[in-house]
Amino acid sequence: MIKALVFDFDGTILDTEWTLYQSFKEIYDSYGVILPVDLWSQGVGSELVFDPFSHLEELIQTPIDRVATEDKWLNRHRELLQTTDLRPGVRDYLEAARNLGLKIGLASSSPRSWVDPHLKKYGIRDYFSCVLTKDDVLQVKPDPELYTKTLECLGVRPYEAIAVEDSVTGAKAAKAAGMYCMITPHELSRKHIFAEYDVRMESLAERQLEQVLEDFK
């Protein structure tokens, strides 16, 4: 019997991944070069590493001020997030989980200083009984530590919980923790090869939570 849902944050609750890409793409545009979405997406939620700074320098054949460029990138990212809403279905799932008496947790590889302000901004912090971030563990995803500690906090066993994820590394972490995993890939992770998951939807708006839970009975 499912007793808990554990959400990832970036890309799952809020599509911060797309705004990160868009804000860096604007920097590339200012230099008259292209940042292909497929190239950027290789490093999103995966164990591959893409360095947009080095790639930009290769394209324009000159060094850039990385500190100033990073500041410009992240400031623009924050601006774009001001008009970004929660991903479709997220708020409905949180409300449905609460009404069904499920425990709700969050396990994020981002720092608490990033996660908490956004949860409060969107008015969803109170849905979560446990919020664990990279500040609470030694290893982030794909290591299962974030999930195992969140399960301990919630007081449920792995087979009693469903992780809600958007990335390959997140899905690996959830399955390594012994959990069920529901994936909702976004624009940048949709083409990634997910080897381990139990349910896949384009967004949580695709099916109601009550319908999904029927799959786990």
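This is a short talk on a few local features of one predicted model.

I'll start with two helices. Helix H3 covers residues 52-60 and helix H4 covers residues 66-81. Their axes are 11 Å apart, and the angle between them is about 115 degrees. The crossing of H3 with H4 is right-handed. On the H3 side, the residues that make the contact are Phe53, Ser54 and Glu57. On the H4 side they are Arg66, Thr69, Glu70 and Trp73. By type, that contact divides into two nonpolar, two polar and three charged residues.

Between H3 and H4 there is a loop, and Gln61 is found in that loop. What is the phi of Gln61? It is positive, about 60 degrees, and Gln61 is not a glycine. For background, most residues other than glycine have a negative phi. Is Gln61 buried or exposed? Its relative accessible area is 68%, and the cut-off for exposed is over 50%, so Gln61 counts as exposed.

Next, a peptide bond. The bond from Lys141 to Pro142 is cis, with omega near 15 degrees. Again as background, most peptide bonds are trans. Pro142 lies in the loop that runs between strand E3, residues 130-132, and helix H7, residues 145-154.

Now to Met201. You will find Met201 in the loop between strand E6, residues 199-200, and helix H9, residues 209-214. Why does Met201 count as buried? The cut-off is under 20% relative accessible area, and Met201 has 1% relative accessibility, so Met201 is on the buried side. What is Met201 in contact with, leaving aside its neighbours within four places in sequence? The list is Tyr93, Met182, Ile183, Thr184, Pro185, Glu206, Arg207 and Val212. For one distance, take Met201 and Ser167: they are 34 residues apart in sequence, and 13 Å apart in space from C-alpha to C-alpha.

Last, a pocket. Rolling a probe the size of a water molecule over the atoms shows where empty space is left. The second largest pocket in this model has a volume of about 190 Å³. Its lining takes in Met1, Ile2 and Lys3, then Leu100, Gly101 and Leu102, and then Glu210, Leu213, Glu214, Phe216 and Lys217. How many of these lining residues are nonpolar, polar and charged? Six are nonpolar, one is polar and four are charged.

Conventions: Residues numbered from 1 in each chain as written. Predicted model: local features only at pLDDT ≥ 70, side-chain atom pairs only at ≥ 80, totals over all residues. Heavy atoms only, no water. 1 Å grid on protein atoms, 1.4 Å probe; cavity = no way out; pocket = protein on both sides within 12 Å on 5 of 7 lines; lining within 4 Å. Points joined across faces, edges and corners; volume = space filled by probe spheres on them. Nonpolar A, V, L, I, M, F, W, Y, C, P; charged D, E, K, R; others polar. Axes fitted to C-alpha atoms, helices over the stretch in contact; angles between N-to-C directions. Helix = DSSP H or I, 4+ residues; strand = E, 2+ residues; numbered from the N terminus. Left-handed = near helix turned anticlockwise from the far one by under 90°. Contact = heavy atoms within 4.5 Å. Buried < 20%, exposed > 50% of the residue type's maximum accessible area, 1.4 Å probe, protein only.
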